[in-house]
Amino acid sequence: MILVTGATGTIGGEVLRRLPAGVAVRVMARDPSKVVGAPDGTEVVAGDYADQLSLERALRGVRRAFLLTSRIGGEDDARFVRAARTAGVRHLVRLSAAAVEDSGADDLITRWHRASEDLLRDSGLGWTVLRPRAFMSNTLSWAASIRSEQVVRALYGDSANVCVDPRDVAAAAVCALTEDGHEGRAYTLTGPEPISAAEQTARLGELLGVPLRFEELSLAQARAALRQRHPEAVTEALLAGAERQRAGAKAHAEDTVLRLTGRPARPFAVWARDHIAAFGGGADDAGGRGGPAGPGASSRVSSTLGCR
């Protein structure tokens, strides 16, 4: 039995759809009705990290689990690890962040990920940590302004990030969940090449067949925009990350996706092509060439990913 958390989000949902057919899979979600596209045979249970009894029910009989938490600085990881240890879980695969290994990163979000990784290492359980760079899907936040104004607004438009396709992160997670030999390892996951926001804007414009304009935000404008969505401490952590990116700290590509899955990491142009409908383009193949049929896919797609 494999337990998947975070299945109502981008990465957890992709992990769920890519697990091999024939594997017993359970999903834990605060609201089971929000789990869409779960393959046939998937067990979906209600659970919350803050509810000990629900954790015990979700983890009963589970051998491996995909752990995705989002309450920055909270106790969700600690509660889950304690419950997993009690339930006899053998292996946890946690989604972390590439900034953890950057000695210059000391913001709130990075410290939280570091503490969570330390918790896993000290848990006595088998563990694997996945450390992705920024997700290519973050550019979906530009969709509204692209559709209405044909403009993208972002901070530091020329700074580059080796952002990664969420489908590649999910494929790596599936390998760690279904194969032996990944215990005690931390994998940094990146795309194949660094790309800036201005360059991403140009790629999207080419696919849409319209001239998109990039407008660089000032630091004050970016801070104000982030404060509309995040607490002050999280906003400052995100801005600190932007400064590190501006200094070149996020431009080094790794071949980890290829080594784990046997397939090269997808470039941004492929991700953008597969999701162009979100930006006002043609039909959207949300799963990509060879991926699932979309959010409502009813069967798993293990045959398309492979693990070395």
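In this predicted model, R121 and E117 form a salt bridge whose closest N and O atoms lie 3.6 Å apart. Both residues belong to helix 4 (residues 108–121), where they sit 4 residues apart, about one turn of the helix. R121 is partly exposed, at 37% relative accessible area, whereas E117 is buried, at 1%.

**Salt bridges**
- Salt bridges with shared partners link R30, D48, R71, D76 and R79 into one network.
- R79 is partly exposed, with a relative accessible area of 26%, while D76 is buried, at 3%.
- A salt bridge of 2.8 Å, N to O, joins the side chains of R94 and D77; because R94 lies in strand 5 and D77 in helix 3, this pair ties together parts 17 residues apart in sequence.
- Both R94 and D77 are buried.
- The structure contains 26 salt bridges.

**Nonpolar cores**
- The largest nonpolar core comprises 29 residues, and V4, V15, F66, L130 and L189 have the most contacts inside it.
- Elements giving two or more residues to this core include strand 1 (2–5), helix 1 (10–18) and strand 9 (185–189); helix 6 supplies the largest share, 7 residues.
- The residues touched by L189 include L130, V164, V169, A172 and L260.
- A second, separate core has 20 residues, among them L3, A58, L59 and A83.

**Helix 10**
- R259 is found in helix 10 and is partly exposed, at 44% relative accessible area.
- The side chains of R259 and D255 are joined by a polar contact of 2.9 Å.

Key
Residues are numbered from 1 along each chain as its sequence is written. This is a predicted model: local features need pLDDT of at least 70, side-chain atom pairs count only at pLDDT 80 or more; totals for chains, interfaces and linings use all residues. Side-chain values use heavy atoms; hydrogens and water are left out. A nonpolar core is a set of buried Ala, Val, Leu, Ile, Met, Phe, Trp, Tyr and Cys residues joined through side-chain atoms within 4.5 Å. Buried means under 20% relative accessible area, exposed over 50%, partly exposed in between (1.4 Å probe, protein chains only). Contact means heavy atoms within 4.5 Å. A polar contact is a pair of N or O atoms within 3.5 Å; within protein, one must be able to donate a hydrogen and the other to accept it, and residues adjacent in sequence count only if both atoms are side-chain atoms. A salt bridge is a side-chain nitrogen of Lys or Arg within 4 Å of a carboxyl oxygen of Asp or Glu. Lists of a residue's contacts leave out its neighbours within four places in sequence.
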